[in-house]
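Hi,

Here is the structure I promised to pass on. Have a look at it first, and then read on for what I found.

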Amino acid sequence: MPEVRLTIPVQHVLRHFSADITRPMYGYELMQGTGFRSSELYPILARLVAAGWLARERETVDPTLAGRPARFTYVLTPDGVARACQELGEHSARPPHWSAHLRVGGSG
Amino acid sequence: VTGLVAIAVGSGLAVGGALSGLVRAMIGEMANEEAQTRLGRIPRALIRLALHRVPVDLRDDLAAEWDSELGFVLVGTEGLPLTRLLRGTTFAVGIFWSAGAIAAGFGTVSRRRAHPAVALALFAVFVWLISAVPPATIMPTPSSPLQPMSRVHSSKPSRVRFSGNCPGRVRCRPA
């Protein structure tokens, strides 16, 4: 798996995901949340997906019932949570206290 | 007789002028509508062009994502053609511009690297020639409001578990 360079925009995207790490987010939603343009956001998402930090999934909606096509969502993978937690902690002036409470795939 | 001829000529000119004005107005309206329709196709055309810059195996997937997201980018712009054009084009230009980087991000190499001038020329020709672009069938309609994520997803993923409280921006569920 390719490594992800934790540039400031990548950190910004990861921090946005960390607001609620279990919630899948849409591309446009992330654009609005991060303030990034599509040209900035989608390459970052692609890199994070390729590196296994994010999972990209198609919605399970019936387009005819929903009246719109299925969208794609992005959510942090367990590995992505752990690595984001570690990397963001290293890049942050203030250590993320929540990292100490994180249990990935464990029973808690 | 001269007076009658003058009246006839005057009436003819008046009718001709009125007809001419009517035709001009109609043509102007048609041209306006045509321009609006063609300009409205620009964002989708740009996305089609962007798809030509990514490897074939990624195209269907990315087309589905970008088309659906474009639909949401344009939500709320019905009846606002200029806003719709600007918002949609901004999104699509970004996609077009970064298509190579997106393909590279997914670990594949972009098939084509578009030179800006070539891309611009190609885009201009493409926009003018497209007439077979399917109508915006994938746009969300006012009768089908957007659904929040909680309704869209049958179950929330629960892959990660936590214990303790999580200060700061992070909202974790206590185990």
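This is a predicted model: local features need pLDDT of at least 70, side-chain atom pairs count only at pLDDT 80 or more; totals for chains, interfaces and linings use all residues.

Chain A as a whole averages a pLDDT of 83, with 83% of the residues scoring at least 70.

Now for the layout of chain A. You'll find five helices and four strands in it, and going along the sequence they come in the pattern α-β-α-α-β-α-β-α-β. Chain A has 108 residues, of which 56% count as buried. If you take the contacts in chain A with a separation of 6 or more, 54% of them are between residues 24 or more positions apart.

Three strands of chain A make an open, antiparallel sheet, in the order E1-E3-E2. Its edges are E1 (25-26) and E2 (54-58) of chain A, each of which pairs on one side only. Helix H1 of chain A, residues 8-18, packs on this sheet and touches E1, E2 and E3 of chain A, with a direction at about 90° to that of E3(A). E1(A) is joined to E3(A), residues 72-76, by two bridges in the antiparallel sense. To see that pairing on screen, find A:Tyr26, which stands opposite A:Thr73 in E3(A).

Next, helix H2 of chain A. The buried ones are A:Gly27, A:Tyr28, A:Glu29, A:Leu30, A:Met31 and A:Thr34. Their cover comes from both chains: it includes H1, E1, H3 (38-50) and E3 of chain A, along with H3 and H4 of chain B. Just past the end of H2(A) sits A:Gly35, with a positive phi of about 80°.

Helix H2 (residues 42-51) and helix H4 (residues 81-105) of chain B meet at an angle of about 5°, and their axes are 8 Å apart. H2(B) and H4(B) are therefore roughly parallel to each other. On the H2(B) side, the residues in the contact include B:Ile42, B:Leu46 and B:Ile47, while H4(B) brings B:Leu85, B:Phe91, B:Phe96 and B:Ala99, among others. Sorted by class, this contact has 13 nonpolar residues, two polar ones and no charged ones.

B:Ala99 is in helix H4 of chain B, and its relative accessibility is 0%, so B:Ala99 counts as buried. Leaving aside residues up to four places away in sequence, B:Ala99 touches B:Ala50, B:Arg53 and B:Val54. B:Leu51 is 48 residues from B:Ala99 in sequence, yet the two are 7.4 Å apart in space, C-alpha to C-alpha.

That's it from me for now.

Cheers

How values were computed: Residues are numbered from 1 along each chain as its sequence is written. Chains are lettered from A and ligands numbered from 1 in the order in which they are written. Side-chain values use heavy atoms; hydrogens and water are left out. Two strands pair if DSSP finds at least two bridges between them. Contact means heavy atoms within 4.5 Å. Axes are lines fitted to C-alpha atoms, for helices over the stretch in contact, and angles run from 0 to 180 degrees between N-to-C directions. pLDDT is the predictor's confidence in each residue, from 0 to 100. Angles under 35 degrees count as roughly parallel, over 145 as roughly antiparallel, 65 to 115 as roughly perpendicular and the rest as oblique. Ala, Val, Leu, Ile, Met, Phe, Trp, Tyr, Cys and Pro count as nonpolar, Asp, Glu, Lys and Arg as charged, and the others, Gly among them, as polar. Buried means under 20% relative accessible area, exposed over 50%, partly exposed in between (1.4 Å probe, protein chains only).
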